[in-house]
Amino acid sequence: TLATTIGGKTFDNCMMNAAGVRCQNKKDLDALVQSNAGAYVTKSATPQERAGNPSPRMHTLLKASINSMGLPNNGLDYYLDYVIRDQQKRPDSTNFLSVAGTSLEDNLAMLHQIQDSEYTGFVELNLSCPNVPGKPQVGYDFDRVHAVLEHVFDFYTKPLGVKLPPYFDLVHFDQIAAILNQYPLTFVNSINSIGNALVVDPRSEQVVIRPKGGFGGIGGAIVKPTALANVRGLALRLKPEIKIIGTGGIINGVDVFEHILCGASMVQIGTQFGYEGPALFDRLAKELTEIMAEKGYSSIEDFRGKLKTF
Ligand code: DHB
């Protein structure tokens with residue numbers, strides 16, 4: 001079985017989409033509902049709809065993608081309406097509503113609206129969007145992470161997790177974990193894209209995306225070692241009640257297996273889901289099932305977090 005449990009909720013498959021890719025409108029979300037994914041997450045919402053940055057705003061390479069979408073989304077009401085209707089249709093299924101305010105005030109206003117609604121599913125509070133010009137991401141400012149969570153847990157009582165940027169220094173793992181461990185978080189999702197990278201086209205001598213002078217967030221196969229380090233680094237430091245969602249660099253079943261070995265209870269796929277669409281979840285489920293059968297594992301708990309070191 002590929003089932004997993006987070007915050008007392010069981011998901012029949014430990015794989016789902018990552019926020020941002022093919023989840024902006026009802027048609028995308030309906031396709032995820034129909035797919036073999038264990039859950040879906042909606043495109044990060046802001047209070048009002050946004051058109052996002054000018055195109056081209058995403059570019060793909062063989063083992064990497066770069067994007068600076070700029071939070072194009074249909075606004076919180078649209079996604080909250082979708083998840084509430086879905087919850088009425090499928091009361092036994094839990095899904096994820098992503099919110100990404102560009103200020104503390106916006107995040108608190110959206111979470112108040114969700115708290116006051118009939119939605120009972122998970123919220124993924126995105127503290128790591130690198131692509132809105134002039135708006136620093138919260139995840140790299142530990143005092144602001146602390147302040148956001150302090151304000152949020154003053155009133156918010158539904159299951160909540162945070163989406164984090166990648167960290168690159170072990171002291172930063174210690175510092176972020178010490179903050180997160182002070183709160184009743186249901187999950188932590190690591191990693192978002194590796195922010196503010198630059199892809200250059202030597203032939204045209206140009207950047208490949210328009211926003212921010214070509215700077216954007218990197219996803220795809222090449223981010224896997226950074227993602228695994230973050231999943232493992234957090235798994236070793238977070239209290240066991242906070243489950244980890246591993247995101248980054250998943251192309252095949254082996255990649256899913258590695259994320260779970262490092263401590264992930266669930267995994268999300270962004271770039272590859274963009275390439276492959278909902279059939280991705282059939283392929284990954286088959287590949288992970290085969291790996292587990294070869295190794296004699298019957299559930300993901302048999303190997304989750306059990307990475308060996310020398
Ligand atoms: C966008 C990118 C992100 O990495 C994110 O977390 C949220 C939004 C974007 O550019 O739309």
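Ala, Val, Leu, Ile, Met, Phe, Trp, Tyr, Cys and Pro count here as nonpolar, Asp, Glu, Lys and Arg as charged, and the others, Gly among them, as polar. By this division, the shell around the ligand holds 5 nonpolar residues, 12 polar residues and no charged ones. The shell comprises 17 residues. Those that come nearest to the ligand are Ser 44, Met 69, Leu 71, Cys 129 and Asn 131.

The model is predicted. The average pLDDT of the protein is 98. A score of at least 70 is reached by 100% of the residues. For the complex, the predictor gives an ipTM of 0.98 and a pTM of 0.98.

Two helices, H7 (residues 253-261) and H9 (residues 280-295), pack against each other. The angle between them is about 65°, and their axes lie 8 Å apart. The crossing is right-handed. H7 contributes Gly 253, Val 254, Val 256 and Phe 257 to the contact. From H9 come Leu 284, Glu 287, Leu 288, Glu 290 and Ile 291. Of the residues in this contact, 6 are nonpolar, 1 is polar and 2 are charged.

Four strands form an open sheet in the order S4-S5-S13-S10. Their pairing is antiparallel. Strand S4 (58-60) and strand S10 (194-198) are the edges, each pairing on one side only. From one strand to the next, the twist averages 35°. Ala 197 is placed opposite Gly 216 of S13.

Methods. Residues numbered from 1 in each chain as written. Predicted model: local features only at pLDDT ≥ 70, side-chain atom pairs only at ≥ 80, totals over all residues. pLDDT = per-residue confidence, 0-100. Near = placed C-beta within 6 Å. Axes fitted to C-alpha atoms, helices over the stretch in contact; angles between N-to-C directions. Left-handed = near helix turned anticlockwise from the far one by under 90°. Contact = placed C-beta atoms within 7 Å. Pairing = 2+ DSSP bridges.
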